Amino acid sequence: MKTTVIAVDGFASTGKSTLSKRLAKALDFTYIDTGYMYRAVSYFALTTHLIQDNIIQEEALEAALSETSFSWSTASGSKQMLFNGKAYGDELRTLEVSSWVSRIAQLGFVREHLVEQQRLLSQLGSVVMDGRDIGTVVFTNADYKFFLIADPKVRAQRRLDELQAKGEEVLFEEILKNVVDRDHQDSTRTISPLRRAKDAIEIDTTSFSVDEVFEQMMSVVKA
Ligand code: CDP
């Protein structure tokens with residue numbers, strides 16, 4: 001059976017996960033949020049004291065990671081990704097996790113482990129996968145590739161709204177700094193830096209609604 005891969009890459013808070021989720025639902029594909037995977041590993045490192053005095057204990061993290069895995073659960077009626085058998089939610093999207101995730105994501109052994117898991121998780125059928133290196137590394141032969149960009153201030157405002165709706169007390173300036181810092185770290189790292197694949201369609205989401213961008217993406221896929 002021919003399966004389809006849609007790769008959605010781009011900068012922080014450009015709407016990748018919202019749009020990828022919607023595409024997956026509309027097309028009846030599996031949605032794979034690779035940011036969730038990097039965030040889960042960061043949360044794991046923070047909560048198991050593998051980050052101490054502001055330093056990542058790389059050797060211990062590498063050993064611990066080899067014992068971990070991602071899997072699918074359908075217990076809630078829809079497919080949910082589990083890390084070590086547990087589903088995670090808002091705890092992965094706090095500013096604390098966001099402030100560590102790009103440092104964790106530049107470690108070669110973390111990327112190797114997660115890319116392997118991403119390919120395994122995609123084996124069951126067609127997928128929409130979002131992240132930073134999907135079209136350039138994970139699935140270079142993806143059937144469709146999108147690259148989302150947007151003005152940093154608009155992105156920070158979107159993230160602020162999301163966190164405030166969940167009751168987190170954060171300042172616009174803190175979020176903007178995190179978004180800009182992550183973009184910089186993600187784009188300048190040595191391994192699998194964030195960049196647009198040559199064959200990816202770039203969409204600037206700054207002044208479009210989610211519905212409008214969704215329609216643009218769907219028209220590409222349907223064509
Ligand atoms: O939702 P948002 O755009 O803020 O970020 P995310 O998709 O949850 O990803 C969080 C972080 O994980 C990114 O800033 C990257 O450092 C890292 N990441 C990565 O390096 N490669 C991926 N394929 C996905 C995420």
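1. The model is predicted: local features need pLDDT of at least 70, side-chain atom pairs count only at pLDDT 80 or more, and totals for chains, interfaces and linings use all residues. Residues are numbered from 1 along each chain as its sequence is written, and side-chain values use heavy atoms, leaving out hydrogens and water.

2. Strands (E, at least two residues) and helices (H or I, at least four) are DSSP runs, numbered from the N terminus. Strands pair if DSSP finds at least two bridges between them. Four bridges join E5 to E6 (residues 80–83).

3. Phe-70 and Phe-83 form a tilted aromatic pair, 4.8 Å centre to centre with 35 degrees between the planes. Rings of Phe, Tyr and Trp (its six-membered ring) pair with centres within 6.5 Å; planes under 30 degrees apart are stacked, over 60 edge-to-face, the rest tilted. Phe-70 lies in E5 and Phe-83 in E6, so the pair ties together parts 13 residues apart in sequence.

4. Phe-83 also forms a tilted pair with Tyr-88, at 6.3 Å and 50 degrees. One aromatic cluster holds Tyr-43, Phe-44, Phe-70, Phe-83 and Tyr-88.
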